[in-house]
Amino acid sequence: MALRNVVLPNEDPRQLLAIPKQEAKLYMSFMYVAFISLFIGGLMGLLQVLVRSGSFTLPFGIGYYQILTVHGVILALVLTTFFIIGFQFTLMSKTVGMSVKQRKVSWLAFWIMTIGTLVTAVTILLGKASVLYTFYAPLKAHPAFYIGLALVIVGTWVAAFVNWRQLYLWKKGHPGEKSPLLAFMVTINMIMWFIASLGVAAAVLVQFIPWSLGYAETINVLVSRTLFWYFGHPLVYFWLLPAYMAWYAIIPKIIGGKLFSDSLARLSFVLFLFFSIPVGFHHQLTEPGIDPTWKFIQVVLTFMVIIPSLMTAFSLFATFEITGRRKGYGGLFGWFKHLPWKDVRFFAPFVGMLAFIPGGAGGIINASHQVNTLVHNTIWVTGHFHLTVATTVILTFFGITYWLIPHLTGRKLTKSVNRLGIFQTIVWGVGMLIMSGAMHIQGLLGGPRRSAYSDYGGTEQAVSWGAYQMAQAIGGTILFVGIILMVYIFIKLTFFSPKGVEEFPVAEEEENAEPTPKWMENWKLWIAITIALILFAYTIPFVDIIQNSPPGSVPFDWPIGNS
Amino acid sequence: MKQNGKTYTNHEKEPNLKGTLLSVGALGLFIVISWTVVFAIFLSR
Amino acid sequence: MHFHKFEKIWLTFGIGALVLFLVILGYGAFYLGTHPQSHGVTIDPQNVEAHEAFKPENLGLTKVDEDRYIVNVVASAFHYDFGVDADGNAINHIEIPKGATVLFQVVTKDVIHGFNIAGTNVNMMVEPGYISSMEVEMNQAGEFTLLCNEYCGIGHHMMYTTVEVYQ
């Protein structure tokens, strides 16, 4: 039998499996794409903040919106997706194992995603798709842009099917046992991703591709936007949940503790599955064609998705406190001092957690129905997601990189790389504090996002924004230094660190932990509730949108310099 | 706590989480204050 | 499943705060009518002039009553059309007395645009096929930048005009 994951009856099911060399190659391939993307995307970010400072012009006739499209697509879609799929594969391999056949199918996933990425990237670089990563109709990109994106999504579906199969086979081999926590979490994330990406896939396949090829004369703009944001919000949770996986199940091990609560961790993931999807309208609050009552209903559902994050915050602090007290550090905050501040595997994700405090608070504000008019499409929003995805998520991913890469390449995380990593984290934190802070303030003053440098005819307001754009250039430059450092660290860990064995840290439960209830793995029920919530939140307004549709829109390619 | 006739002792004495309560309390306060400030700006405009 | 006593306190407080936010927002939206703009009024994006409000002669600022104004705007890449002044020149600046109630009605002839009077709550997406509209009381005096805040193409950042609210 080609399965590694057949565990003998007397074997401890919680024991971690080894990752064979051939699998490590697969997982590293995802990481290569992720870190190449980080470098390219980061470079684009640097160019953007320099242009927006007003003292720099792009050479060779490169357009600002072209590099902005590259930045968004390659960081928000490519870097995140490749890192997440690769990381989740390692989690599955460690906890439930991967068969040879599954590995082959996973390579297929990798190549479909990579080819899709290349097709999209080339189209953007040729200047044929400066439509930004949201590609709002009726701006029309070259059809290859949409086809490439569709391929990336299809590739992730293949990965999802593999993940589900991995857990399914493990469960068959372990009747009556609860699935490993990390495998449970990966499965949840991929179910959410699959259900959500059906929306954007429908928009791309049914609406954008035929329309951009000229087979369909017009496109229903609001339907395409609604499908996009049906996907767009779960997309951000697809980024966040792998970070939460590390926070719940890996960080406790790194700080020398145990899981706070297996069942509460699972419960929060189930809640994320329920409430990540039926909330897309909170990205469309200032749009003219959606019934405000349904907008408000989705705002309420959006607030529900905050609850599992509140649970996560408690769980993290509790893990820190219990671990510290057990080590003998008493007092109200004595446990805080004991944390392994000099271990980058902890420090980087911790700074990420800190960033999620203002990030989360900002998110609640963004979703606050009419209050959204204050910040919608201002650069406050850009500041917001540079805290959440570009700090919380990415610093956690960096924190994972320090041990995952050497684990896969058979090397060690050395003291010097660890030190450099701590420095990298500080550089990132400082750069982001300056850049994101300036973005938040400028946004409250009305400064728009997604805009090249403009003095807006010299209005007083535009003049007042200048200082903040300069601060963003400074912060952005510091962040680019952080990216150079991180790429250097990645190369070092991949090719040059001394050979050895680096631990794959996975936290265990307490000896006498309360058993996780069996109903926690009622997958059919979870999926049924998820679909029911989606149908509740979307059916009536979606039918309303279609029934009261205006005439469709013809494609426009000249505004993006593409006629 | 009784379950299946078996006694789980670990929850009879809950861990001391005073620091955690204070930390999340501070977090909650931060959320409420930032929301209130932005809501006030919204009302003033 | 077991919740620590303090976690129950925390979740009660946290959920309580969220409910409070929602009650405040819901009261404003449903009782005071401060919903974000959502009227669902449609228009043919290829023929916006067919609509009375967006005929060339009806564009720009119109006084309808004491302290009541209507502003009709046709957006297109990369320009807001406020109509022409008495000399036939395109209007790119409007002046509104402080405290006036103004109904903004905006449509687009081509792609999606934004319509944001920076520093105010006038912030709308303008999408082909729909009339975006919002009635506000202009309570802050000063010169405001009216700009497009949704990407609409290579000239997106050049799409602006000014609104003065005078004492």
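Predicted model: local features only at pLDDT ≥ 70, side-chain atom pairs only at ≥ 80, totals over all residues.
The mean pLDDT of chain C is 94, and 100% of its residues reach 70 or more. Among the elements of chain C, the lowest mean pLDDT, 93, belongs to strand S1 (residues 60-65), whereas strand S6 (residues 113-117) has the highest, at 97.

Chain B comprises 1 helix and 2 strands, and its elements follow the order β-β-α from the N terminus on. Of the 45 residues in chain B, 33% are buried.

The structure holds 8 cavities of 30 Å³ or more, and the largest cavity contains about 150 Å³ of space. The lining of this largest cavity is made up of 14 residues, and those nearest its centre are A:Leu77, A:Leu149, A:Val152, A:Ile153 and A:Phe231. Two or more lining residues are given to the largest cavity by each of four elements of chain A, namely helix H2 (64-95), helix H4 (143-173), helix H5 (181-213) and helix H6 (221-249). H4(A) provides the largest share of that lining, with 5 residues. When the lining of the largest cavity is divided by class, 12 residues are nonpolar and 2 are polar, while no charged residues are found.

The second largest cavity, with a volume of about 70 Å³, has a lining to which chains A, B and C contribute. Chain A supplies A:Ile306, A:Leu310 and A:Ile364 to this lining, and chain B supplies B:Gly28, B:Ile31 and B:Val32. From chain C come C:Trp10, C:Phe13, C:Gly14, C:Ala17, C:Leu18 and C:Phe21. The elements giving two or more residues to the lining of the second largest cavity are helix H10 (306-326) of chain A, helix H1 (18-44) of chain B and helix H1 (5-31) of chain C. H1(C) accounts for the largest share of the lining of the second largest cavity, namely 6 residues. By class, the lining of the second largest cavity consists of 10 nonpolar and 2 polar residues, with no charged residues.

With residues up to four places away in sequence left out, A:Leu205 touches A:Ala150 and A:Pro210. The C-alpha atoms of A:Leu205 and A:Ile147 are 8.2 Å apart in space, although the two residues are 58 residues apart in sequence.

A:Trp294 is placed in helix H9 (residues 292-304) of chain A. A:Trp294 has a relative accessible area of 11% and is therefore buried, the criterion being a value under 20%. Not counting residues up to four places away in sequence, the contacts of A:Trp294 are with A:Phe281, A:Phe536, A:Ala537, A:Ile540 and A:Pro541. A separation of 10.0 Å was computed between the C-alpha atoms of A:Trp294 and A:Phe542, which are 248 residues apart along the chain.

Methods:
Residues numbered from 1 in each chain as written. Chains lettered and ligands numbered in written order. Heavy atoms only, no water. pLDDT = per-residue confidence, 0-100. 1 Å grid on protein atoms, 1.4 Å probe; cavity = no way out; pocket = protein on both sides within 12 Å on 5 of 7 lines; lining within 4 Å. Points joined across faces, edges and corners; volume = space filled by probe spheres on them. Nonpolar A, V, L, I, M, F, W, Y, C, P; charged D, E, K, R; others polar. Contact = heavy atoms within 4.5 Å. Buried < 20%, exposed > 50% of the residue type's maximum accessible area, 1.4 Å probe, protein only.
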